[in-house]
Amino acid sequence: MSVVSEIMTRGAVTVRQESKPTALDVAQVMAKSRTGSVIITAEGKPAGIITERDLLKKVSAKDRKPGEIPASQIMSSPVIAVKAYDSVDTAASVMAKNRIKRLAVVEDDGSLAGVISATDIAKKLARILADDYNRYGSLKAVLDL
């Protein structure tokens, strides 16, 4: 099976915690970057993650003003992460166990390497299935002779 670094998204969208971002700042970064999540970093390492769902449930659904809410209040922390060299199976298992759709991917020193999502895993699985179908489909033609 593949390792996480082969299918993850490199260069995850981040916001530095030191800049004291608000929920509005994070939402604007998400909109500008066209992404569904932002990793909040502290000293270059992942400190939390905020997803569109966090903004919806913790800000909009409670009729709170996003410009007045510190990102630290709505981020999920500590960040659930996998190592870049972990297997995709491991990442999928961690996602299922924690009922989440995105994982931070970290290097051995704890620095952020990227993000892996359930969509990344689904795309990889689709490629594997298509390859198997093509491989075994050609064998079927031989067997039909």
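Two strands count as paired if DSSP finds at least two bridges between them. With that in hand, welcome to this structure, which is a predicted model. Its strands include an open sheet of three, in the order β2-β3-β4, and an open sheet of four, in the order β1-β7-β6-β5. Helix α2 lies across β2, β3 and β4, while α5 packs on the sheet of four strands. There are also two separate nonpolar cores to get to know, one with 14 residues and one with 13.

**The three-stranded sheet**

- The pairing in the β2-β3-β4 sheet is mixed.
- β2 (14-16) and β4 (45-51) are the edge strands and have a single partner strand each, so one side of each has no neighbour in the sheet.
- On average, neighbouring strands here are turned by 30 degrees against each other, direction ignored.
- Six bridges link β3 (residues 37-42) with β4, and this pair is antiparallel.
- A hairpin is formed by β3 and β4, with two residues between the strands. In its turn you will find E43, which has a positive phi of about 55 degrees.
- β4 is mostly covered, as five of its seven residues are buried.

- T41 belongs to strand β3.
- Buried means under 20% relative accessible area, and T41 counts as buried because its relative accessibility is 8%.
- Beyond its neighbours within four places in sequence, T41 is in contact with T14, V15, R16, Q17, E18, P46 and A47.

**Helix α2**

- α2 (residues 23-33) runs at about 125 degrees to β3.
- A23, V26 and M30 are the buried residues of α2. Seen down the helix axis, they fall within an arc of 65 degrees, so they line one face of α2.
- The other side of α2 has A31 and K32, which are exposed.
- Among the elements that cover the buried residues of α2 are β3, β4, α3 (52-58) and α4 (71-74).
- After α2 comes R34, with a positive phi near 55 degrees.

**The four-stranded sheet**

- The β1-β7-β6-β5 sheet also has mixed pairing.
- At its edges are β1 (9-10) and β5 (81-83), each of which pairs on one side only.
- β1 and β7 run antiparallel and are joined by two bridges.
- If you look across from T9, you will see V115 of β7 standing opposite.
- The strands of this sheet that α5 touches are β5, β6 and β7, and the direction of α5 makes about 135 degrees with that of β6.

**Helix α5**

- The buried residues here are V88, A91, V94 and M95. They sit on the same side of α5, because they cover an arc of only 125 degrees around the axis.
- A96 and K97 are exposed, on the face of α5 turned away from its buried side.
- R99 follows α5 and has a positive phi, near 55 degrees.

**The nonpolar cores**

- In the largest core, the members that touch the most other members are V4, V82, A91, L103, V105, I116 and I121.
- At least two residues of this core come from each of α1 (4-7), α5 (88-98), β6 (102-106) and β7 (112-117).
- The element that gives the most to this core is α5, with four residues.

Terms used: Residues are numbered from 1 along each chain as its sequence is written. This is a predicted model: local features need pLDDT of at least 70, side-chain atom pairs count only at pLDDT 80 or more; totals for chains, interfaces and linings use all residues. Side-chain values use heavy atoms; hydrogens and water are left out. A nonpolar core is a set of buried Ala, Val, Leu, Ile, Met, Phe, Trp, Tyr and Cys residues joined through side-chain atoms within 4.5 Å. Buried means under 20% relative accessible area, exposed over 50%, partly exposed in between (1.4 Å probe, protein chains only). Axes are lines fitted to C-alpha atoms, for helices over the stretch in contact, and angles run from 0 to 180 degrees between N-to-C directions. Contact means heavy atoms within 4.5 Å. The arc is that of the directions from the helix axis to the C-beta atoms.
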